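Please take a moment to look over the sequence and the model below before reading on. The paragraphs that follow lead from one place to the next.

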Amino acid sequence: MDTIYALATARGRAGVAVIRISGPLAWEASAALAGTLPEPRRSALRRLTWAGDLIDEALVLVFDTGRSFTGERVVEFHLHGSIAVVSAVLSALSKQPGLRPAEAGEFTRRALENGRLDLTQVEGLADLIDAETEIQRKQALRIFSGAISAKTEVWRAQLIRAAALMEATIDFADEDVPVDVSPEVTELIGSVVSDIRDDLKGASVSERIRDGFEVAIIGVPNAGKSTLLNALAGREAAITSEIAGTTRDVIEVRMDLKGLPVTLLDTAGLRDTSDIVETIGIERAQVRASKADLRVFLVEDDVLPPGVDRQPDDIVVRGKGDLRSGDGEAVSGLTGQGIDRLVDQIANLLEGMAVGASLMVRERHREALKSAELSLSAATAELEGGQAEIVAEHIRFALRRLESLVGRVDVEDLLGEIFSSFCIGK
């Protein structure tokens with residue numbers, strides 16, 4: 001296997017830059033620059049030289065096979081974060097035989113191949129790197145820490161026991177089996193199916209936490225929607241004017257709302273119009289608003305705009321509070337009146353939705369669990385007077401689907417897509 005190297009920190013000038021080398025020649029290649037290396041899992045300050053020239057003084061960390069992130073021999077150089085220093089070290093490594101630059105996600109892929117991580121942990125790491133809010137960080141960290149793996153292992157143990165009981169029945173098909181295994185098998189399968197269904201219920205919420213909740217601001221033209229969006233976003237994200245129909249398309253602003261990832265949608269004003277372009281904008285507004293997790297109806301006289309049905313959790317608030325003397329319940333994007341109260345209301349509603357989140361944050365996870373659940377339901381039905389061989393096969397299929405969840409089988413076609421999202425050096 002090749003020895004790979006890459007800058008593991010962001011490119012550009014910084015206080016510290018980290019270059020990582022992994023593979024069978026990692027120690028030899030590093031010693032060519034740093035001289036005598038420190039003992040594994042220890043660090044030491046070394047002068048890095050190449051072709052007789054001093055490049056930098058660096059902190060050198062060494063990891064042995066099986067004790068590193070990738071599972072291979074690894075060395076890290078913690079350098080001064082100069083563009084010139086980083087370039088010089090990378091150039092020196094490129095001149096050594098058997099070394100090559102790492103591809104995107106290759107360090108993590110080697111961790112997977114060497115059994116240091118499973119597939120769900122790899123996905124959790126990708127989500128952790130991409131996390132923008134506190135709730136995303138916590139969710140990604142749980143997955144990266146192996147929560148899905150631990151849960152799946154419990155299910156596997158129960159299903160392996162159930163399969164073994166059914167196999168015993170098959171082996172003694174021509175003899176009298178002293179114990180009826182059906183009650184225990186039914187109980188084992190039922191326990192797994194119950195857990196799977198609980199996780200499936202919260203999967204859509206988990207995906208929303210990962211991708212972000214959508215909150216649509218809707219109302220008639222000139223209700224103050226764009227001004228309110230700008231106030232919530234803290235910047236001029238949408239054009240505002242007194243001309244009705246200024247907003248023609250859906251404007252999206254992504255933000256951190258009290259630790260929650262939220263995409264605010266400013267939509268076209270809802271009204272009857274003969275303008276073809278505005279009509280298209282209104283149709284888009286209606287579609288996006290209906291699909292959003294939450295809608296904020298901005299009204300003038302407590303009359304809801306046409307074309308979008310109100311859901312139980314939706315918020316109705318009067319806009320242009322700066323023009324409503326004495327109306328303390330109204331909001332104004334212009335003066336900030338009622339904005340903090342509206343933010344708290346939105347956050348509280350979304351936090352309530354997030355309570356039901358499970359560990360399954362991707363469509364791949366959901367499909368694997370759905371398939372396993374269907375197979376186990378078929379096994380339960382077959383237990384009542386059916387053939388033991390068919391029951392056992394249903395259980396084995398469910399096991400394979402759960403194993404694909406953590407990357408033990410049938411995942412090669414997924415790896416390219418997953419690792420393409422990683423940066424080089426991770």
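**A walk through the model**

In this predicted model, G23 is placed in the loop between β2, which covers residues 16–22, and α1, which covers residues 26–34. Is G23 buried or exposed? Its relative accessibility is 0%, and because buried means under 20% relative accessible area, G23 counts as buried. When residues up to four places away in sequence are not counted, G23 touches D2, T3, E72, R73 and R110. The chain also brings G23 and T70 to a C-alpha separation of 8.7 Å, although these two residues are 47 residues apart along the chain.

From here we can turn to positions that come from a record. In an unreviewed entry, UniProt places the feature "binding site" at R20, E76, R116 and K426. One of these positions, E76, lies in strand β5, made of residues 74–80, and E76 counts as buried because its relative accessibility is 14%, under the cut-off of 20%. If its neighbours within four places in sequence are left aside, E76 is in contact with V18, I19, R20, L59, V60, L61 and F63. With R20, which is itself among the positions in the record, the side chain of E76 makes a polar contact, side chain to side chain, at 3.3 Å.

Another position of the record, K426, is found in the segment after α13, a helix of residues 412–419. K426 has a relative accessible area of 21%, so it is partly exposed, a term that covers values between the 20% and 50% limits. Apart from neighbours within four places in sequence, K426 is in contact with R20, G105, E106, F107, T108, L125 and I129.

Helix α4 (residues 119–130) packs with helix α5 (residues 134–144) at an angle of about 155 degrees, and their axes are 7 Å apart. Because angles over 145 degrees count as roughly antiparallel, α4 is roughly antiparallel to α5. On the side of α4 the contact is made by T120, Q121, G124, L125, D127 and L128, and on the side of α5 by R137, A140, L141, I143 and F144. The crossing of these two helices, α4 and α5, is left-handed.

A further pair is formed by helix α11 (residues 363–383) and helix α12 (residues 388–406), whose axes come within 8 Å and cross at roughly 165 degrees. This angle makes α11 roughly antiparallel to α12, and the crossing of α11 and α12 is left-handed.

Conventions. Residues are numbered from 1 along each chain as its sequence is written. This is a predicted model: local features need pLDDT of at least 70, side-chain atom pairs count only at pLDDT 80 or more; totals for chains, interfaces and linings use all residues. Side-chain values use heavy atoms; hydrogens and water are left out. UniProt positions are given in the numbering used here, feature names are shortened, and annotations may be inferred rather than shown by experiment. Helices (H or I, at least four residues) and strands (E, at least two) are DSSP runs, numbered from the N terminus. Buried means under 20% relative accessible area, exposed over 50%, partly exposed in between (1.4 Å probe, protein chains only). Contact means heavy atoms within 4.5 Å. A polar contact is a pair of N or O atoms within 3.5 Å; within protein, one must be able to donate a hydrogen and the other to accept it, and residues adjacent in sequence count only if both atoms are side-chain atoms. Axes are lines fitted to C-alpha atoms, for helices over the stretch in contact, and angles run from 0 to 180 degrees between N-to-C directions. Angles under 35 degrees count as roughly parallel, over 145 as roughly antiparallel, 65 to 115 as roughly perpendicular and the rest as oblique. A crossing is left-handed if the near helix is turned anticlockwise from the far one by less than a right angle, and right-handed if clockwise.
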